[in-house]
Every structure is written in C-alpha cells, then in structure tokens.
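Subject: Structure handover

Hello,

Here is the structure for your files. My notes on the cores, salt bridges and pockets follow below.

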Amino acid sequence: MGGVEAIRIIHATHPQSRVLALSSVADGERVLAALAAGAIGFLLKDMTTEELIQAVRLAHRGLPSLAPAATQALVNVVTNPLRQVGHDLTQREREVLALMALGRSNQQIAAHLVVTVASVKFHVRNIRNKLGTTNRTETVILAMQQRLV
C-alpha cells in the first residue's frame, strides 16, 4: 500500500487523527494527493530533528506544516492549469494502464509485456499513486474519464 492510500484509510477510520506525510521527494502531485487524502502536512526526510518536532507540535494543535519545497511544488501544480491528470505517466505505465483497462490481470500484463509480475505490480502502484486512486477499478474509471486510454 502506498502512503496516500494509507493516509486515506487512517483518515477514514480515525478522522480525528492528524497525519504528517513524510517523503524524500516533494512532487506537487504527491503533495496534493497526500493533502487531499487527509494529511495535515507534508515534510521531507532531510529535515532536522527540530523541524520534525515543531511539525508534530503544530499537527497536534491542528495546524498544517509544509516543507518549503513541498509548498513550492504545490504552488506549481495549482498555478499550472495546463497540467492534466496522468501527464506524468511514463510510456510503460501508459501501456500497463491500457492493458488494465482491457481487464487484464497482472499475470496477463506481465506475459504480454514480457516482464515479471513484480514489475507489473510496481507499475500499477506508481500509476495509482500518480492518479491518486485507491484501487484498480477506480484507476481504470479515472483513466477512461480523463481519456488516458
């Protein structure tokens, strides 16, 4: 399970919880997905101990915390109207998504693309993270709505 999905589940089952997302990369789509899933903040793993403590204290008080790079990435996503859902999918992810839309299983996709099932699972997880979806059906529906397939 990816971090965004974990945040969604935690937020759905314990709405009073305050979740801080912690990542090594401040990708705008990932920041947006984490916040939309219910995170109260988005931090980078290279922060200092003091910054982490401050963020936890702010979260406890119900106040958000964003790493400066996460803030910039979020601003870039929000202010760039030309970005489309799925714009960041790789060519291989698009191939996997197209096969998913045809109802193919991971095993069938692996055989078709001549890769391992583990590789397919990796691509499916990346696709879901990039699209902000929580399951295979939601992913395919969104892909069809957005004309990604």
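Helices in these notes are DSSP runs of H or I with at least four residues, numbered from the N terminus. The model is predicted.

Salt bridges

The structure has three salt bridges. One of them falls within a single helix: glutamate 95 and arginine 92 are both in helix H5, three residues apart, which is about one turn of the helix. Their side chains meet at 3.1 Å, N to O. Glutamate 95 is partly exposed, with a relative accessible area of 31%, and arginine 92 is also partly exposed, at 30%.

Lysine 130 counts as partly exposed at 26% relative accessibility. Glutamate 93 has a relative accessible area of 3%, and because the cut-off for buried is under 20%, it is classed as buried.

The remaining bridge joins arginine 128 to glutamate 5, at 2.5 Å from N to O. It too links distant parts of the chain: arginine 128 is in helix H7 and glutamate 5 is in helix H1 (residues 3-13), 123 residues apart. Arginine 128 is buried, with a relative accessible area of 18%.

Nonpolar cores

The largest nonpolar core contains 16 residues. Val96, Leu97, Met100, Ile109, Ile127, Leu131 and Leu148 have the most contacts inside this core. Two or more residues come from each of helix H5 (91-101), helix H6 (106-113), helix H7 (117-131) and helix H8 (136-145).

What does isoleucine 109 touch, leaving aside residues up to four places away in sequence? The contacts are Val96, Leu99, Met100, Arg104, Val120 and Arg136.

A second, separate core has 14 residues, including Ala33, Ala39, Phe42 and Leu44.

The largest pocket has a volume of about 340 Å³. It is lined by 16 residues, and Gly3, Val4, Ser23, Arg30 and Asn129 are the closest to its centre. H1, strand E1 (19-23), helix H2 (28-37) and H7 each give two or more residues to this lining. By class, the lining has six nonpolar, five polar and five charged residues.

The second largest pocket holds about 210 Å³ of space. Of its 14 lining residues, Glu29, Leu32, Lys130, Leu131 and Gly132 are the closest to the centre. The classes here are five nonpolar, four polar and five charged residues.

Regards

Note on methods: Residues numbered from 1 in each chain as written. Predicted model: local features only at pLDDT ≥ 70, side-chain atom pairs only at ≥ 80, totals over all residues. Heavy atoms only, no water. Core = buried A, V, L, I, M, F, W, Y, C linked by side-chain atoms within 4.5 Å. Buried < 20%, exposed > 50% of the residue type's maximum accessible area, 1.4 Å probe, protein only. Contact = heavy atoms within 4.5 Å. Salt bridge = Lys/Arg side-chain N within 4 Å of Asp/Glu carboxyl O. 1 Å grid on protein atoms, 1.4 Å probe; cavity = no way out; pocket = protein on both sides within 12 Å on 5 of 7 lines; lining within 4 Å. Points joined across faces, edges and corners; volume = space filled by probe spheres on them. Nonpolar A, V, L, I, M, F, W, Y, C, P; charged D, E, K, R; others polar.
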